[in-house]
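Colleague: Please pick a single part of this model and go through it closely. Then set the rest of the chain beside it, in plain terms.

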Amino acid sequence: MKNNTYYRYARKKLFKLASKHEFLKVLTSISREKYAERLSGSIIYGLLSALAINVFYEPSGVYSSGATGLAQIISTLSERFWQLNIPISLGFYAINIPLLITAWYKIGHKFTVFTFITVSFSALFIQFVPHLTLVDDPLMNAIFGAIVMGAGIGYALRNNVSSGGADIVSILVRKKTGKNVGVTSTAINIGITMMAGVLFGWEYALYSLVSVFVVGQLTDAIYIKQKRMQATIITNQPKRVIAKIHKKLHRGVTIINEAEGAYAHEKKAVLITIITRAEFNDFKYLMKKADPNAFISVAENVQIIGKFVEDD
């Protein structure tokens with residue numbers, strides 16, 4: 001009886017805490033499709049990051065990028081100098097806590113909730129995936145570990161979740177400056193690698209630098225959301241097209257009225273909007289619904305000066 005009373009009290013407190021901090025509101029606002037999409041990104045990243053660390057990086061003394069690499073440094077230092085065994089998974093969690101708090105306020109609530117889930121999966125897999133040694137060559141381990149890690153980071157970001165650590169910092173920088181996630185992440189990770197070089201030797205730090213470069217390039221290749229596209233739409237149904245873009249994509253539209261076709265001299269409107277590469281398939285579908293006869297041209301990787309709103 002006493003246990004049941006304690007259980008009800010604890011459940012009530014947790015529910016109140018979740019409501020106060022909008023966790024329930026955030027989770028219930030996400031569609032089932034988005035749950036599946038984001039959870040798949042979280043699980044796949046967690047598994048790939050654990051494979052990169054336990055199969056490629058750790059056996060050869062190569063240090064990973066971001067919070068994972070920092071957690072490796074903390075684990076190595078604690079074991080060498082204080083004879084303490086601090087698991088990489090625990091260090092990874094501790095590093096991410098303040099970054100997750102910042103992301104909650106600066107990036108978005110949905111993003112942060114699923115980043116927390118991603119960090120949790122990653123820590124879990126790092127702790128329990130077996131340590132294996134496939135090859136002894138540290139350069140090969142650095143390259144293939146980076147391929148596995150970069151694929152995981154890019155896939156997670158593509159599904160609108162972050163792997164935590166340097167990725168949160170990189171996204172914050174991109175929102176302020178427009179710099180690519182991979183470029184900013186590479187700069188941060190070079191600093192972490194230099195730290196590893198000073199502490200443990202430059203030979204393996206150089207292998208780690210190779211890994212950092214490959215991770216950055218692969219992240220940029222997979223993470224298509226940061227790639228912006230300009231769509232120019234020539235249509236005689238501007239109201240329908242604008243309504244679709246506003247309602248479904250939540251993007252702004254610039255209207256140029258009184259355009260004229262040179263062949264039939266028919267009056268049309270020219271609409272200009274900016275979307276991300278990740279929104280392109282939805283955009284094509286919406287345009288077919290709004291005006292299948294519209295003429296649309298799309299320019300890829302355009303540079304934006306001014307405000308461009310990112311969703312969560």
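Modeller: Helices are DSSP runs of H or I with at least four residues, strands are runs of E with at least two, and both are numbered from the N terminus. The model is predicted, so local features need pLDDT of at least 70 and side-chain atom pairs pLDDT 80 or more, while totals for chains, interfaces and linings use all residues. Residues are numbered from 1 along each chain as its sequence is written, and side-chain values use heavy atoms, with hydrogens and water left out.

The part I pick is His-250, which sits in the loop between α11 (238-249) and β2 (254-260). Most residues other than glycine have a negative phi. His-250 is not a glycine, yet its phi is positive, at about 60°. His-250 counts as exposed because its relative accessibility is 62% (over 50% is exposed, under 20% buried, and in between partly exposed, with a 1.4 Å probe and protein chains only).

Of its 312 residues, 43% count as buried.

Glu-266 is partly exposed because its relative accessibility is 36%, and Lys-268 is partly exposed because its value is 24%.

The whole structure contains two cavities of 30 Å³ or more (sets of points on a 1 Å grid over the protein atoms alone where a 1.4 Å probe fits but cannot get out). The largest cavity has a volume of about 110 Å³, that is, the space filled by probe spheres set on points joined across faces, edges and corners. This cavity is lined by 16 residues, and the closest to its centre are Ser-65, Gly-66, Ile-153, Ser-163 and Asp-167; lining residues have an atom within 4 Å of a point.

Four helices, α4 (66-81), α7 (138-158), α8 (166-177) and α9 (181-200), each supply at least two lining residues of the largest cavity. The most come from α4, which gives three. By class, the lining has seven nonpolar, eight polar and one charged residues (Ala, Val, Leu, Ile, Met, Phe, Trp, Tyr, Cys and Pro are nonpolar, Asp, Glu, Lys and Arg charged, and the others, Gly among them, polar).

Conventions: 1 Å grid on protein atoms, 1.4 Å probe; cavity = no way out; pocket = protein on both sides within 12 Å on 5 of 7 lines; lining within 4 Å.
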